[in-house]
Amino acid sequence: RETAPPSRPTMKASTTLVALVASLITSDVEGFGFELPKIQLPWTAEDPAPATGGTITSALEPGDTVAVVGASGNVGKLVALRLSDSYKVNGIVRDSSSVEDFFEGREGKIELRNVDLLDEMNAPSSPSEQLRGALESANALVICTGTTAFPTKAWSRSGEADIAGDVISALLDNKFDVQAAIASLDEQSFNTPANVDASANEYIVDQWVRLAKVPKKRVVMLSSIGVQRRDQMPFPILNACGVLNAKARGEAAIEKAAADNGFSYTIVRPGQLFGGPYTNNYYLGTLFQLDKDASTQDVEVGRGDELLGDTLRSTLAEVTAQICETDCARDMDFAVVNVKGEPPSDIGARLKAQL
């Protein structure tokens with residue numbers, strides 16, 4: 001662009017409104033992916049300094065219990081399945097019947113708990129016995145929940161209802177003030193970014209700290225690229241309804257809880273997710289087998305929030321499991337994207353070498 005916009009606030013409001021209206025038309029969009037030159041950040045595992053405030057705690061051991069929040073989602077169910085190779089898994093889901101068939105044969109390793117975190121946060125008797133049962137025995141917490149960046153069916157409480165009418169009503173009631181309209185949807189307990197990516201994450205970590213009766217070892221949160229670049233294009237567009245702000249709140253809550261309570265944390269930043277849906281649980285030792293026909297299966301990782309690109313759901317789940325099994329990436333955040341090429345033969349060794 002050759003000329004600057006005459007008024008930054010006006011430009012921002014216009015961009016936000018256009019993005020919001022566009023999302024109602026393309027309501028199946030999960031996010032955006034952007035292709036820019038790759039950035040590789042080489043380092044070695046000998047770098048001893050944690051990013052912030054975490055402490056050196058014991059590693060997860062085979063047979064420990066991991067609570068997977070969002071274990072019925074396209075990524076969460078892969079994470080739960082893969083972690084059950086090494087650990088007991090307490091899967092926190094809204095409706096266990098939606099995923100029971102997927103976990104067939106893992107009944108002794110994966111226990112599903114029906115929990116709606118938004119209901120839990122508003123219930124006078126919280127925590128429920130289901131949530132208590134999921135967290136009391138958990139040595140680690142892996143958070144795989146999230147919602148779409150713009151209003152879609154995922155924002156409805158069922159995850160399947162059309163909310164276009166609700167969004168339009170919120171805009172009309174708030175004189176097309178987009179941020180006020182989003183805030184009103186927050187207050188109505190829709191599955192908005194502020195409720196799912198921020199408040200629910202703050203809540204689940206706090207409850208785990210309070211309820212766990214076993215040593216608490218680490219928390220892993222699946223976040224997003226762009227959280228630390230919210231003011232850099234093209235991420236202001238993705239953040240028009242506050243999804244990156246909400247994820248930043250969730251990340252901050254996890255880092256603070258880790259520093260205050262002496263367990264490790266890891267923030268994993270994928271790009272736009274692709275791959276799937278996955279309907280069976282058969283794989284040959286690595287989740288890379290699930291997307292064996294994809295041409296971009298090689299993996300690039302980098303500390304912080306520097307990379308750009310897309311991420312296979314199967315890759316994200318495999319990386320999440322590997323950082324737990326290899327005890328790497330403590331007290332740090334890193335990005336992971338897929339690039340052209342074959343899947344790495346030993347992703348665990350690559351993670352330990354580069355993180």
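Reader: How many aromatic pairs does the structure hold?

Author: This is a predicted model, and the structure holds two aromatic pairs. In one of them, Phe 102 and Phe 103 lie 5.4 Å centre to centre, with 75 degrees between the planes.

Reader: Why is the pair of Trp 208 and Phe 263 called edge-to-face?

Author: The centre-to-centre distance of Trp 208 and Phe 263 is 4.9 Å, and the planes stand 65 degrees apart. The limits are 6.5 Å for pairing and 60 degrees for edge-to-face, therefore the name applies. Trp 208 belongs to helix 7 (residues 193-211), while Phe 263 sits in the loop between helix 9 (243-261) and strand 6 (264-270). The pair links distant parts of the chain, 55 residues apart.

Reader: How do you know that Trp 208 is buried, and what about Phe 263?

Author: Buried means under 20% relative accessible area. Trp 208 has 0% relative accessibility, so Trp 208 counts as buried. Phe 263 is also at 0%, which means that Phe 263 counts as buried.

Reader: What makes Lys 77 a residue that lies over the face of Phe 102?

Author: Lys 77 is at 4.7 Å from the ring centre of Phe 102. The distance cut-off is 6 Å, and NZ of Lys must also be within 35 degrees of the ring normal. Lys 77 is listed as lying over the face of Phe 102.

Reader: Which residues make the nonpolar surface patch of about 300 Å², and is Phe 176 partly exposed or buried?

Author: The patch is made by Ile 168, Leu 172 and Phe 176. Phe 176 has a relative accessible area of 47%, so Phe 176 is partly exposed. Phe 176 lies in the loop between helix 5 (164-173) and helix 6 (178-187).

Reader: Where is Lys 175 found, and why is Lys 175 called exposed?

Author: Lys 175 is found in the loop between helix 5 and helix 6. Exposed means over 50%, and Lys 175 has 77% relative accessibility, so Lys 175 counts as exposed. Phi of Lys 175 is near 55 degrees, a positive value in a residue other than glycine.

Reader: What caps the N-terminal end of helix 6?

Author: Asp 177 does, with a side-chain oxygen 3.2 Å from the backbone nitrogen of Gln 179. Just after helix 6, Ser 189 has a positive phi of about 65 degrees.

Reader: What makes the link between the side chains of Asn 90 and Ser 137 a polar contact?

Author: The two side chains are in contact at 3.2 Å, and the limit for N or O atoms is 3.5 Å. Asn 90, in strand 2 (residues 88-93), is at 6% relative accessibility and therefore counts as buried.

Reader: Why is the contact of Asp 85 with Arg 82 called a salt bridge?

Author: A salt bridge needs a side-chain nitrogen of Lys or Arg within 4 Å of a carboxyl oxygen of Asp or Glu. The closest N and O atoms of Asp 85 and Arg 82 are 3.5 Å apart, so the pair qualifies. Asp 85 has a relative accessible area of 35% and is therefore partly exposed, whereas Arg 82, with 5%, is buried.

Reader: What makes Arg 106 a salt-bridge partner of Asp 85?

Author: The closest N and O atoms of Arg 106 and Asp 85 are 3.0 Å apart, and the cut-off is 4 Å, so this is a salt bridge. Arg 106 lies in the loop between strand 2 and strand 3 (110-114), and Asp 85 in the loop between helix 2 (76-83) and strand 2. At 16% relative accessibility, Arg 106 counts as buried.

Reader: Which residues are linked in a network of salt bridges?

Author: Arg 82, Asp 85, Arg 106, Glu 318 and Glu 325 are linked in this way. The structure holds 20 salt bridges.

Methods
Residues numbered from 1 in each chain as written. Predicted model: local features only at pLDDT ≥ 70, side-chain atom pairs only at ≥ 80, totals over all residues. Heavy atoms only, no water. Phe/Tyr/Trp six-rings, centres within 6.5 Å; stacked < 30°, edge-to-face > 60°. Helix = DSSP H or I, 4+ residues; strand = E, 2+ residues; numbered from the N terminus. Buried < 20%, exposed > 50% of the residue type's maximum accessible area, 1.4 Å probe, protein only. Patch = residues over 30% accessible without salt bridge, like charges linked within 9 Å, V, L, I, M, F, W, Y side chains within 5 Å. Areas by Shrake-Rupley, 256 points an atom, 1.4 Å probe, with all protein chains shown as cover. Polar contact = N/O pair within 3.5 Å; in protein donor to acceptor, adjacent residues only side chain to side chain.
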